[in-house]
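Work through the exercises below with the model open. Try each task before reading its solution.

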Amino acid sequence: MTTFEEQNLLVHGTSFRTSPLDVREALALRKSEDEKLLHKIKTTLDVEECVILSTCNRVEFIIYRNHPEEIIDGIIKINEERAGFPLKKEYFYNFFGKEAVKHIFRVTSSLDSMVLGEPQITGQVKTAYESSLKFGFVRKNLRKVFERAFFVAKRVRNETAIGENPNSVSSQAVELAESIFGDLSKRKAIVIGTGEMGEIAIKSFLSRGISKLYITSRTIERAEELCSIYSGEVLPFKDLYRGLEEVDIVLCSSAAPHYLITKNDIKNVMKKRRGNPLFLIDISLPRNIDPEVGKVDNVYLYHIDDLQQIVDKNIKKRKEEAIKSEAIVEEEVEKFFKRINEEKIGPIIARVYEIADFIRRKELEELFKMLGEISESQKKAIEDFSVNVVKKILHTPATKVKEWARNGDSYLAETFFTLFGVEDEAESRNEGK
Amino acid sequence: MMKILVLIIYLASLLFYLLHLFFNKRSLLITGFLFLCAGFLLHTSRFIMGINSPESFPAYYMGGVMSFFSILLGCVFIAYQIKELVPALGYITVPAILFFYIISISLPHTGSFRPEFKTILFPIHVTFSMAGYVFFFLSFATGACYLLQERNLKFKLFGWSFKRIPSLVELDSMNYRTVQLGFTFITLGMLTGSIWSQRLWGSIWNWDPKEVLTLMVWLLYATYLHLRLILGWKGRKTAILSVIGFMLVIVAFFGRKLVPGGYHDYI
């Protein structure tokens, strides 16, 4: 049985930190390309275990094989063929052994993400892992690393607040809407104007399943275009106030040079809304909604600056949480290798016990011959005695050796095995494989 | 002995709710809730064991009434929490359950109740009235949470309370429902009370101080419902009304002590 060998693990990849977007786009996995690519890597580079992680921010090849450093050029070559243009070496990073494990843990826990703590990456790693598993490219070595990585990601999420506070203006707006209305699925929204920021916010609200979306703009063509993309309904600009009476959420990203909505307008609207709350988000510069509007009862007005301020604070908090998360990752990497070392030492310690037991039985046989006729109970007593002596003598050294191995003191562990003559056997076994 | 055990369990529940307030770990909240359930079950079984007949219903003296209130509050609160644990409501309700329990065990469990009062109608009258007060308490709790969250949103404050309070719309509808239920029960309590009074004294209304105070409570909540239904009041204004309403409930419940005389003088 071979065990996990640290030096056999390689992460070869490129991310937003090392390469431009067009390179990552050229390298990203096409739809259902993964199986073909995995087979190609297997046949050309003799790789048995491989996971390919491909997201819009990174493409990584996680490989377990003997002497993985030899195939780096090979992977780059395969990728050059896929991309159709030569790739610079500095686009890529390579991590081996402990560093590789740490990198995988960090990526899975969203500590290496462009948006720190964003939750999608864990799922993306899982999907990549499962598809490799399905095609038979994950054996026990990569399984060990990835199963642990998912555990670490879960720990980071549970024990730190890294993913808790929204880190973009649009998701913060959604969170505020939820703290007013709860479930957004029965809510209606209106978008005034067709600015780019407005479009981002529309997407966030649609992802929460709002039931109806009106779009109004003074240029009707653009409104129609947006409506066809997001299956909304065009509301003529003159009907804006009728819309305000009906909807719950208002997104204003118009470019008007003056206020489109004033306090008096909203006061009149609120009279017809029978006390139902209204949430207004003004994403326009200069403001298109009079700040006084926020003072009306049951009306909640947020300007983009307010949202940005909250988000800035959240990001600061996330960074603080990231420090805690890094400590968890460090701790888990140590634990991971301790466990691996322990697993490695297990069979060898068993061999020491085997040798001792062999000696014990041989000596016992001779002793029984020498003693001649003795009763069964006496025989049993002597046998139990010998077993206990061997066990007790070996107990402390075995525990100590496990401890050394856990801490990576392989030199001490080896010395111990040399004393028992196990080392030669282990070597000859390894060569045989 | 059991008295102290229930107290300790309620205290443990409160402790975990407080720990949750500071550390915001879900496991603390769940532990606190489980302790509350355990305390509630023990407390209830102890209460029920004390009842052998309608005459022994422990509602003829203040201690028993407090204990009964604490049980009903626990029962309704737990029922609300089973669907979803709302920490903010727990911070308010759990101390109240404990508070009323402590009052109940520190007051003597005997009273100077006139024997001719002991009819089956009396426990029914007390149960309806207590249930009414329990729902008014919960409308106070949801109203207070509403006002806090409203303040957070208006003034853009995102401190510890922001994430632990449900959405405004949910709070508002819960506030409405609890007032509706409270109003129904207090009405039933007043009706059974007047039937009872009719039988004993031959008149349904005696201008007893407690009767007058309760009528004021009833009128206030009737106003709440009226404003909501007819004028479409919602949110902050009704939340304020429900908070004021419960203040009046407290006056009606305890303030009776301040005015001598009347038929409710045993309490």
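**Exercise 1: the interface**

Task: how many residues of chain B are in contact with chain A, and of what kinds are they?

Solution. Start with the count: 16 residues of chain B are in contact with 14 residues of chain A. Contact requires C-beta atoms, placed from the backbone, within 7 Å. Next, find the helices: α5 (121-154) and α6 (168-201) of chain B each supply at least two residues of the side touching chain A. Helices are DSSP runs (H or I, at least four residues), numbered from the N terminus. Last, sort that side of chain B: seven residues are nonpolar, four polar and five charged. Nonpolar covers Ala, Val, Leu, Ile, Met, Phe, Trp, Tyr, Cys and Pro; charged covers Asp, Glu, Lys and Arg; the others, Gly among them, are polar.

This is a predicted model: local features need pLDDT of at least 70, side-chain atom pairs count only at pLDDT 80 or more, and totals for chains, interfaces and linings use all residues. Residues are numbered from 1 along each chain as its sequence is written, while chains are lettered from A and ligands numbered from 1 in the order written.

**Exercise 2: a helix pair**

Task: at what angle do α7 and α12 of chain A pack?

Solution. Helix α7 (residues 169-181) and helix α12 (residues 304-371) of chain A pack at about 100°, with axes 9 Å apart. Axes are lines fitted to C-alpha atoms over the stretch in contact, and angles run from 0 to 180 degrees between N-to-C directions. So α7(A) is roughly perpendicular to α12(A), a label for 65 to 115 degrees. The contact residues are six nonpolar, two polar and no charged.

Definitions and conventions: Parallel < 35°, antiparallel > 145°, perpendicular 65-115°, else oblique. Contact = placed C-beta atoms within 7 Å.
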